[in-house]
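Let's take a walk through a protein model together. Have a look at the picture below, and then we'll stop at a few spots.

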Amino acid sequence: MFTKILIANRGEILVRICRTLKAMNISSVAVFSDADRFSPGVLAADEAVHIGPATAAESYLNIDAIIAACEQTGAQAVHPGYGFLSERVEFAERLAAAGIVFIGPGPVHLKDFGLKHTARALAQAAGVPMLPGSGLIDTTEEALREAERITYPVMLKSSAGGGGIGMVLCHTQDELADKFESIGRMAANNFGNAALFLEKYVSAARHIEVQIFGDGKGNVVALGTRDCSLQRRNQKVIEESPSPNISAETVAQLQSAAIALASSVAYESAGTVEFVYDAEAQKFYFLEVNTRLQVEHGVTESVFNVDLVEWMIVQAAAEFTLPAQISLLAQGAAIEARIYAEIPSENFRPASGVITNFTPPPGLRIDSWVETGTNVSPFYDPMIAKFIATGPTREAAIAMLRAGLQATDISGIETNADYCHEI
């Protein structure tokens, strides 16, 4: 087992992983930018190494600086969390070349599932239900031809996109022609890859995902479903497990499809297979695979009573025995609200500044990186906390989260806590 692990991330996931490492008696190393020098997450780690200026490109995306921090501290492995370098093939390969373990899926899975069009091909080969779509499209003319075949409305998507960036709904030829070049430029600027494709749009859609974990030998388990349909700007706000108002038969089919896909490539470590669920037709279709821990992993942990971070660490140390699928039983329900530093009434514009009071509610699982006196900078994602409520039923979990949000007191900056309470 490892004795020291570096966490190549920031914010609440840094705090979250530090908590698991402490329980496992493994030393933690945080890396930090100028903006995060005094953040609670950095102070919670056993060691901390400065890796650059506030901008992510010069710090949390700086592979050389992170590898140097590993060598400086003697960290044997790196947990990437989510976002930043968590799905970067080059990062995993560079770590391996330096003799450092990447805690997550292997480079081949990062590569194959990192691009949506190759992920679609693998899903199709595994027999997973697919939405009508296209291959990669090079020109506006080709896009217009493919859209006529698929039929409008269609989603124009970046193959390398994520987090709601690089995708747009097009109802007509004019909209598609107008958006094609701009979405390609956006994809190239954000992901270094301008590849685009089309997919049929489902109007009565729900976002359902299945948490998977594989041992790298072809064995995969599924840990239930999550519903992540309540979003703003194509980014999740409320997530819950299990997914409500879906038949047990459909849940079984969702899990089987996710396991079939992951088993077909001998997937290892944690991952999520995401689906679009057509609520009118009561059918589901493959969307994408996230080859990392998800932000919303906490609701799955809460209903299955597991620690997915610990599973990832033990798996990376080659000491993990995958539990039998039949032994993974969900208990009750869990629901999560992402607390963002933002102004809902101004189109969710991010907010920044010093938190003068942070009093989260009792009785909930609070995953957060802030406290009273923390400065929330404008340089990173505005999520400051996740509030997770559990209960014997969905209704009980919702009631607990509602009460918790009402009792929350966050001052100094604007947040969406009241907005989540209204939801």
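Is N245 buried or exposed? N245 counts as exposed because its relative accessibility is 69%; buried means under 20% relative accessible area, exposed over 50%, and partly exposed in between, with a 1.4 Å probe and protein chains only. Before we go on, note that this is a predicted model, where local features need pLDDT of at least 70, side-chain atom pairs count only at pLDDT 80 or more, and totals for chains, interfaces and linings use all residues. Residues are numbered from 1 along each chain as its sequence is written, and side-chain values use heavy atoms, leaving out hydrogens and water.

Back to N245: you'll find it in the loop between strand 11 and helix 9 (helices, H or I with at least four residues, and strands, E with at least two, are DSSP runs numbered from the N terminus). Its phi is near 60°, a positive value in a residue other than glycine. Most residues other than glycine have a negative phi, and most peptide bonds are trans.

That loop, between strand 11 (235-241) and helix 9 (248-264), also holds P242. A cis peptide bond, with omega about 0°, joins S241 and P242. Another cis bond runs from Y152 to P153, with omega near 0°, and P153 sits in the loop between helix 7 (140-150) and strand 6 (154-162).

Now try A318, in the loop between helix 11 (308-316) and strand 14 (333-340). A318 has a positive phi near 60° too, and it is exposed because its relative accessible area is 72%.
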